[in-house]
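These are my notebook entries on a single protein chain. I set down each item in the order in which I looked it up.

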Amino acid sequence: MREPERDTAVAGACCAPARAATGTTDPADTVPTGTTGSGRSAAGHDTAGTGAAGPDRGVPAHDGPARGGAAQGGPARSGPAQGGPTQGDPAQDGPTHSGPAHSGPAQGGPAQGDPAQDGQAQDGPARSGPAQDGPAQDGPARSGPTQDGPAHSGPTQGGPAHVPHGGWRRLPGGAFLMGCDDAPYPADGEGPVREVTLAPFRLAATAVTTAEFAAFTAATGHRTDAERYGWSFVFGGFLPPDFPPTRAAAAAPWWRQVYGADWRRPEGPGSSADGREDHPVVHVSHNDALAYCTWAGARLPAEAEWEYGARGGLTGMPYPWGDEREPHGAYRMNIWRGSFPDRNTAADGHAGTCPVDAFPANGHGLFNMTGNVWEWCADPFTTGPDRDAGSGADRDADPGAGAGSGPGPGPDSRALRGGSHLCHESYCLRYRTSARMGNSPDSSSGNTGFRIAR
């Protein structure tokens, strides 16, 4: 059965305004540190508390507030990220960020539905992800078999020869139906369902891993926005009980402003990403994602490309595998299980992030397209009729037209897709193929990452 629709007023009641001007210095009365369910402490050990859902926006919203979402003592957010393109400018090497490459089909592309892959396996430590849950993929039949990508810990160099974790998937493109007519949050701009046509393109099988991002920073010296500003948003339940009082997003006190939190220290001082090399990199902004793409000779996917990939060859299905969230009781993604924000049962095997290939791939051979972490896309976030500009439907359209016309956090906001491990049906039913949100390009949080395209 399809996921039940949620009342938008209920959904919005749990969300933080994107540009809230005030915060609280101690939100522990609402979300105590270290007492919200099983998760990771600041030292990276399993304790109480678990993640949140994704950067926040202004309307029925979501999981991670924009940089301006809390009353913060940090510096202004007006400066561009160093080591990457100018803030708000999606230009990179190769195709522009406003849409997919349209110069011709991907070389050697297979027939539609066959998730052929590129590249060779690279050496690296064995993945630590759990065995995939549940039986073989259920739901409507797919047009091609799922193929696994090569296992490796990340690249040693970037550029045109870059092979992402799990390899590339060559997708044939063509016309597909994008969007949803009965989405639970109309203000998000998922609908109406419309036909979009894409040229062939390549999409990484997984989100960029911590190991891959480490190779990038070692090669380039890039400092993320979180590092430059000195802080990022961390879910309060991941912090130990004795963590010093911190400011929080005014309307979403589970998001805490933690100085020293970044991709190396996901829960702030005393924590470490060690042991999470095959998890998606987090605390990365849109600016950071663009800088990585420049190094890797890649780009961010357009929203239409991302959704085409997420659907896995299926039409009109809310999940990458079909119509039911847990077919035959099998968990297929990493989301919040229990009651948000006080208790996460981690019934799907993960309290925080999980390995980028922890669950079965979809019909296009792509892993974790919903849940785990929100993924940045190239497009400006808009809910207007021009929101597909640059998707391939209208390659000559102005990709910035209408940006910020929806409930996003500002005129330079960028789109995110997929939901995260903090999404819960009570307030953020956005772990679906058509779900979307926006955030400012310098925002970062513990549940935001990205994957790359060509």
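How much space lies in the second largest cavity? I worked from a predicted model, and I found that this cavity holds about 90 Å³.

**Entry 1: cavities.** Rolling a probe the size of a water molecule over the atoms shows where empty space is left. I counted four cavities of 30 Å³ or more. For the second largest cavity, I listed twelve lining residues. Those nearest its centre are Pro320, Trp321, Arg332, Pro360 and Asn368.

**Entry 2: two helices.** I next examined helix H2, which covers residues 210-220, and helix H4, which covers residues 286-296. Their axes come within 11 Å and cross at roughly 75°. Angles of 65 to 115 degrees count as roughly perpendicular, and H2 and H4 are therefore roughly perpendicular to each other. Which residues make the contact? On the side of H2, I noted Glu212, Phe213, Ala215, Phe216, Ala219 and Thr220. On the side of H4, I noted Asp288, Ala291, Tyr292 and Trp295. By class, the residues of this contact comprise seven nonpolar, one polar and two charged.

**Entry 3: the backbone.** Most residues other than glycine have a negative phi, and most peptide bonds are trans. I looked for departures from this pattern. The peptide bond from Gly191 to Pro192 is cis, with omega near 0°. I located Pro192 in the loop that runs between strand E6 (174-178) and strand E7 (194-198). The peptide bond from Phe340 to Pro341 is likewise cis, again with omega near 0°. Pro341 belongs to the loop between strand E12 (338-339) and strand E13 (343-344). I also recorded His328, a residue other than glycine whose phi is positive, near 55°. His328 is placed in the loop between helix H5 (303-311) and E12.

**Entry 4: confidence.** Finally, I looked up the pLDDT. The chain averages 72, and 60% of the residues score at least 70. Over residues 1-32 the pLDDT is below 50, although the model gives this stretch 91 contacts beyond near neighbours in sequence. Where else does pLDDT stay under 50? I found such values over residues 68-156, for which the model has 251 contacts beyond four places in sequence.

Definitions and conventions. Residues are numbered from 1 along each chain as its sequence is written. This is a predicted model: local features need pLDDT of at least 70, side-chain atom pairs count only at pLDDT 80 or more; totals for chains, interfaces and linings use all residues. Side-chain values use heavy atoms; hydrogens and water are left out. On a 1 Å grid over the protein atoms alone, a cavity is a set of points where a 1.4 Å probe fits but cannot get out, and a pocket is an open set with protein on both sides within 12 Å along at least five of seven lines; lining residues have an atom within 4 Å of a point. Grid points are joined across faces, edges and corners, and a volume is the space filled by probe spheres set on the points. Axes are lines fitted to C-alpha atoms, for helices over the stretch in contact, and angles run from 0 to 180 degrees between N-to-C directions. Helices (H or I, at least four residues) and strands (E, at least two) are DSSP runs, numbered from the N terminus. Angles under 35 degrees count as roughly parallel, over 145 as roughly antiparallel, 65 to 115 as roughly perpendicular and the rest as oblique. Contact means heavy atoms within 4.5 Å. Ala, Val, Leu, Ile, Met, Phe, Trp, Tyr, Cys and Pro count as nonpolar, Asp, Glu, Lys and Arg as charged, and the others, Gly among them, as polar. pLDDT is the predictor's confidence in each residue, from 0 to 100.
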